[in-house]
Amino acid sequence: MKYQGSPTFTHSQNDKVGVLVTNLGTPDAPKKAELKRYLKEFLSDPRVVEVPRLLWWMILNLVILNIRPKRSAKAYETVWTDRGSPLMYHTQDQANALRENLKQQYGDNIEVEFAMRYGSPSVDSVVDKMLQQGVRKLLVLPLYPQYCASTTGSTFDAIAQSFSKRRWIPELRFVTHYHDNSDYIKAVADKIKVHWEQHGRADKLIFSYHGIPKRYLLNGDPYHCECHKTSRLIAEELGLKDNEHFTSFQSRFGREEWLKPYTDHSLKAFPEQGIKSVQIVCPGFAADCLETIEEIGEENREYFLEAGGERYEYIAALNADEAHIQALTNLLESHLQGWATISESTALRNELAKAKGAQK
């Protein structure tokens, strides 16, 4: 059968509203085999690496997947906890908190789940679960404040691919970005203010975002512009002057030019410019993960201190902080307008359907 039906559907089942929050993904364990499987899925996505497919297949399978999994496994071991990958448990905590908030308004008529674009739980498996629960209206929130084709666009591809094989398609709403949402901006700014109250201010506040190839920007991706707008709005909320903050991009891969300035290069140069103390925050990450904890929290710290810096502080992501959850709740509620499920008599619907010959 080409298109999947809904085998658990009954006419006595309530129609529900669904909210699916997604993030990038994580390997199942900090081991070479799990990293190879995860990286293969991630790096095979044409949204992530825009290189001719045959050429990239050879590079990926003959070179990268024979080298990088072992190295990445060692890095993941340094951040793994009793709860597993930080990205996994932070995303799960966020989904649980959002579920509690939204149920206060929608009651049992709403289902809130989370999925990962790569790895588990997969978008397809969670969409299937939600449809079986009776979800007929689905709102998807990728936890990427700034739109990028490699992240938000790829998530839409996964949703579309899941729907393309299903017979019954729910109504769909999809949040493409929230980089300038006032609640989100205030939540980030307030987290920085709390850090300042506890530790004082540094010479410069660094906003560091995940990088992408410059070619993507030139081809029309709005990510670069949205990152800079986020930085500007947070700086305005904090009352910072232009020379008191700095925006840069991290996590380069390959040899081509990526968005500049590069975070690591900038940190190495700051001490010679008289900037001896920095505080760094990553407003493009809704949850702490390998990149924020290990790359920004540790690796870049070493670069700065070895170059003559004296004080380096990473300000954690918003994770499941109350202000962050409330900001996301407000965002979701604005997109759920008009979707309040009206409870009807399922007993009556079931009776009428059976009178027409329905089996269940």
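Tutor: Helix 1 gives the largest share of the positive patch, 3 residues. This is a predicted model, and what follows describes that model. The patch is a gathering of positive charge on the surface, made up of K32, K36, K40, K70 and K74. Two elements each give two or more residues to the patch: helix 1, residues 32-43, and helix 2, residues 53-79. K74 belongs to helix 2. With a relative accessibility of 52%, K74 counts as exposed, because the cut-off for that class is over 50%.

Next come the charges that are paired. Side chains of opposite charge can pair when their charged atoms come close. Over the whole structure, a search finds 20 salt bridges. In one of them, E113 meets K129, with N and O 3.5 Å apart. E113 is in strand 2 and K129 is in helix 4, so this pair ties together parts that are 16 residues apart in sequence. E113 is buried, at a relative accessible area of 12%, whereas K129 is partly exposed at 41%.

Helix 4 also holds D128, which forms a salt bridge with R166. The closest N and O atoms of R166 and D128 are 3.0 Å apart. R166 sits in the loop between helix 5 (149-163) and strand 4 (171-174), and the two residues, 38 apart, link distant parts of the chain. R166 is buried, with 6% relative accessible area, while D128 counts as partly exposed at 28%. Both residues belong to a network of salt bridges that also takes in D124 and K165.

A further salt bridge joins K260 and E257, whose closest N and O atoms are 3.9 Å apart. K260 is partly exposed, at 48% relative accessibility, and E257 is partly exposed as well, at 37%.

K260 leads on to the backbone. Most residues other than glycine have a negative phi, and most peptide bonds are trans. The peptide bond from K260 to P261 is cis, with omega near 0°. P261 lies in the loop between strand 6 and helix 9 (263-269). That loop also contains S251, which has a positive phi of about 65° although it is not a glycine. S251 is buried, with a relative accessible area of 16%.

Strand 6 pairs with strand 5 (residues 204-210) in the parallel sense, over 6 bridges. Within strand 6, Q250 is the residue that stands opposite H210.

The peptide bond from S120 to P121 is cis, with omega near -10°. P121 is found between strand 2 (110-119) and helix 4 (123-132), the two elements that the E113 and K129 pair ties together. N319, a residue other than glycine, has a positive phi near 50°. The loop that holds N319 runs between strand 8 (311-315) and helix 11 (322-335). N319 is buried, at 8% relative accessible area.

Key:
Residues numbered from 1 in each chain as written. Predicted model: local features only at pLDDT ≥ 70, side-chain atom pairs only at ≥ 80, totals over all residues. Heavy atoms only, no water. Patch = residues over 30% accessible without salt bridge, like charges linked within 9 Å, V, L, I, M, F, W, Y side chains within 5 Å. Areas by Shrake-Rupley, 256 points an atom, 1.4 Å probe, with all protein chains shown as cover. Salt bridge = Lys/Arg side-chain N within 4 Å of Asp/Glu carboxyl O. Lys, Arg positive; Asp, Glu negative; His and termini not counted. Charge placed at Lys NZ, Arg CZ, Asp CG, Glu CD. Helix = DSSP H or I, 4+ residues; strand = E, 2+ residues; numbered from the N terminus. Buried < 20%, exposed > 50% of the residue type's maximum accessible area, 1.4 Å probe, protein only. Pairing = 2+ DSSP bridges.
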